[in-house]
Amino acid sequence: MSERGGDRYGFEAFDCAPALRLEAHERVAKLQFDGIGQRLDRIEAVMERLERRLWLTVYGVVAVILAQAVQPLLMTG
């Protein structure tokens, strides 16, 4: 018997077609999940930028409303 762990009963280890297909599918699935992860990261970054713009718009609208409310008080004084 050989000392290699992959050998069994004196035969050399070999890769069979179903095992190779399974490995290929696993590699493809990993690539797809990696791609999806990268897309999700980009989408999250875009959402953060949009959220910042939204809050800036909200603060701007509130500032305009407050300025219009304070303006008549300043004109009378």
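The model is predicted. Colour the chain by relative accessibility next; of the 77 residues, buried ones make up 3%. Switch to a cartoon view, where the protein chain shows one helix and zero strands.

**Stop 1: the helix**

Select residues 17-76, which are helix α1. The stops below pick out side chains along the chain.

**Stop 2: Lys30 and Asp34**

Select Lys30 and Asp34 and show their side chains. Side chains of opposite charge can pair when their charged atoms come close. Here the side chains of Lys30 and Asp34 meet in a salt bridge, with an N to O distance of 3.0 Å. A search of the whole structure finds one salt bridge. How far apart are Lys30 and Asp34 in helix α1? They are separated by four residues, about one helical turn. Lys30 counts as exposed because its relative accessibility is 53%, and the cut-off for exposed is over 50%. Asp34 is partly exposed, at a relative accessible area of 35%.

**Stop 3: the negative patch**

Move on to Asp41, Glu44, Glu48 and Glu51, and display the surface over them. These residues gather in a surface patch of negative charge. Pick Glu44 from this group: Glu44 belongs to helix α1. Is Glu44 exposed or partly exposed? With a relative accessible area of 46%, Glu44 is partly exposed.

**Stop 4: the nonpolar patch**

Select Leu54, Trp55, Val58, Tyr59, Val62 and Leu66. Together they form a nonpolar patch on the surface, with about 610 Å² of accessible area. Keep the surface on and look at two of its members, Trp55 and Tyr59. The relative accessibility of Trp55 is 45%, so Trp55 counts as partly exposed. Tyr59 is exposed, with a relative accessible area of 56%.

**Stop 5: the ring pair**

How many aromatic pairs are counted? The count comes to one aromatic pair. The ring centres of Trp55 and Tyr59 are 5.9 Å apart and the ring planes are at 35°, so the pair is tilted. For reference, planes under 30 degrees apart would count as stacked, and planes over 60 as edge-to-face. Both Trp55 and Tyr59 lie in helix α1, four residues apart, about one turn of the helix.

**Last view**

Show the two pairs together: Lys30 with Asp34, joined by a salt bridge, and Trp55 with Tyr59, whose rings form a tilted pair.

Definitions and conventions
Residues numbered from 1 in each chain as written. Predicted model: local features only at pLDDT ≥ 70, side-chain atom pairs only at ≥ 80, totals over all residues. Heavy atoms only, no water. Patch = residues over 30% accessible without salt bridge, like charges linked within 9 Å, V, L, I, M, F, W, Y side chains within 5 Å. Areas by Shrake-Rupley, 256 points an atom, 1.4 Å probe, with all protein chains shown as cover. Salt bridge = Lys/Arg side-chain N within 4 Å of Asp/Glu carboxyl O. Helix = DSSP H or I, 4+ residues; strand = E, 2+ residues; numbered from the N terminus. Buried < 20%, exposed > 50% of the residue type's maximum accessible area, 1.4 Å probe, protein only. Phe/Tyr/Trp six-rings, centres within 6.5 Å; stacked < 30°, edge-to-face > 60°. Lys, Arg positive; Asp, Glu negative; His and termini not counted. Charge placed at Lys NZ, Arg CZ, Asp CG, Glu CD.
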